[in-house]
Amino acid sequence: MRNWWGWLALSAVVVVLDQLSKQWVSKLFVFGEVMPVMPSFNLVLAHNAGAAFSFLAGAGGWQRGFFSVIAVVAAVVIVHLLRKHSGEKLFSLALALILGGAIGNLIDRILLGHVVDFLDFYVQSYHWPAFNVADMAITGGAGLLIWDSFKKPGGVKG
């Protein structure tokens, strides 16, 4: 995938999967409804007005614009890096996943004022914060970036 447009297409696939899954859960569930799927895993309709792990969720509303601006700036930087490093497969895969996840959550934040989360993993009474496809893409992309940084001398690219 030397062509950086291919990496943008992968990001678009992440956005589509994220948005379709959120729409499906939003139509199937009412806010707060929980459906046990298997031991230690539920589907639930949750709204997150903050960032990861509901950080700043109760901050009064200013965080919506703040996190939206961060997502837009990150997207611009990532697109620049994809253009510059499109031939580096692992690095570009990581960036494409992060870009798709950031845009998926940005769409929610702009249109709904919150991010739709629906995957609820737990052990006994401890629940991991609910998350979504975009969050999985961002986390997976971040993990791949870390892995890539250890594989090559010189670490993170700029």
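Ser149 is buried, with a relative accessible area of 19%, where buried means under 20% relative accessible area, exposed means over 50% and partly exposed lies in between (1.4 Å probe, protein chains only). This residue belongs to helix H4, and its C-alpha atom is separated by 9.9 Å from that of Leu90, 59 residues away along the chain. The model is a predicted one, in which local features need pLDDT of at least 70 and side-chain atom pairs count only at pLDDT 80 or more, while totals for chains, interfaces and linings use all residues. Residues are numbered from 1 along each chain as its sequence is written, and side-chain values use heavy atoms, with hydrogens and water left out.

The protein has four helices and four strands, taken as DSSP runs (H or I, at least four residues, for helices; E, at least two, for strands) and numbered from the N terminus. Along the sequence these elements follow the pattern α-β-β-α-α-β-β-α. Of the 158 residues in the protein, 41% are buried. Contact here means heavy atoms within 4.5 Å; among contacts between residues at least 6 apart in sequence, 65% join residues at least 24 apart.

Besides Ser149, the buried residues of H4 include Val133, Ala134, Ala137, Gly141, Leu144 and Asp148. Seen down the helix axis, the buried residues of H4 fall within an arc of 145 degrees, so they line one face of the helix; the arc is that of the directions from the helix axis to the C-beta atoms. Thr139, Ile146 and Phe150, on the other side of H4, are exposed. The partners of the buried residues of H4 are H1, H3 and strand S3 (115–123).

The pairing of H4 with H1 can be described in more detail. Helix H1 (residues 4–28) and helix H4 (residues 133–151) pack at an angle of about 145 degrees, and their axes are 8 Å apart. Axes are lines fitted to C-alpha atoms, for helices over the stretch in contact, and angles run from 0 to 180 degrees between N-to-C directions. On the H1 side, Val14, Leu17, Asp18, Ser21 and Lys22 meet Val133, Ala134 and Ala137 of H4. The residues of this contact divide into five nonpolar, one polar and two charged, with Ala, Val, Leu, Ile, Met, Phe, Trp, Tyr, Cys and Pro counted as nonpolar, Asp, Glu, Lys and Arg as charged, and the others, Gly among them, as polar.

The structure holds two salt bridges, each defined as a side-chain nitrogen of Lys or Arg within 4 Å of a carboxyl oxygen of Asp or Glu. In one of them Lys22 pairs with Asp18, the closest N and O atoms being 2.8 Å apart. Lys22 and Asp18 are four residues apart in helix H1 and therefore separated by about one helical turn. An α-helix has 3.6 residues a turn, so residues three or four places apart point the same way. A salt bridge also joins Asp108 to Lys22, with the closest N and O atoms 2.9 Å apart. Because Asp108 lies in helix H3 and Lys22 in helix H1, the pair ties together parts that are 86 residues apart in sequence. Lys22 is buried at a relative accessible area of 2%, Asp18 is buried at 0%, and Asp108 is buried at 2%.

Helix H3 (residues 89–112) has 24 residues and reaches 34 Å from its first C-alpha to its last, close to the 34 Å expected at 1.5 Å a residue. In H3, 17 of the 24 residues are buried, so this helix is largely enclosed by the rest of the structure. Gly113 follows H3 and has a positive phi, near 85 degrees.

Finally, Glu33 sits in the loop between H1 and strand S1 (34–38). With 32% relative accessibility, Glu33 counts as partly exposed. Glu33 and Leu45 are twelve residues apart in sequence, and their C-alpha atoms are 5.9 Å apart in space. Not counting residues up to four places away in sequence, Glu33 touches Leu28, Leu43, Val44 and Leu45.

Key:
The expected span of a helix is 1.5 Å times one less than its number of residues.
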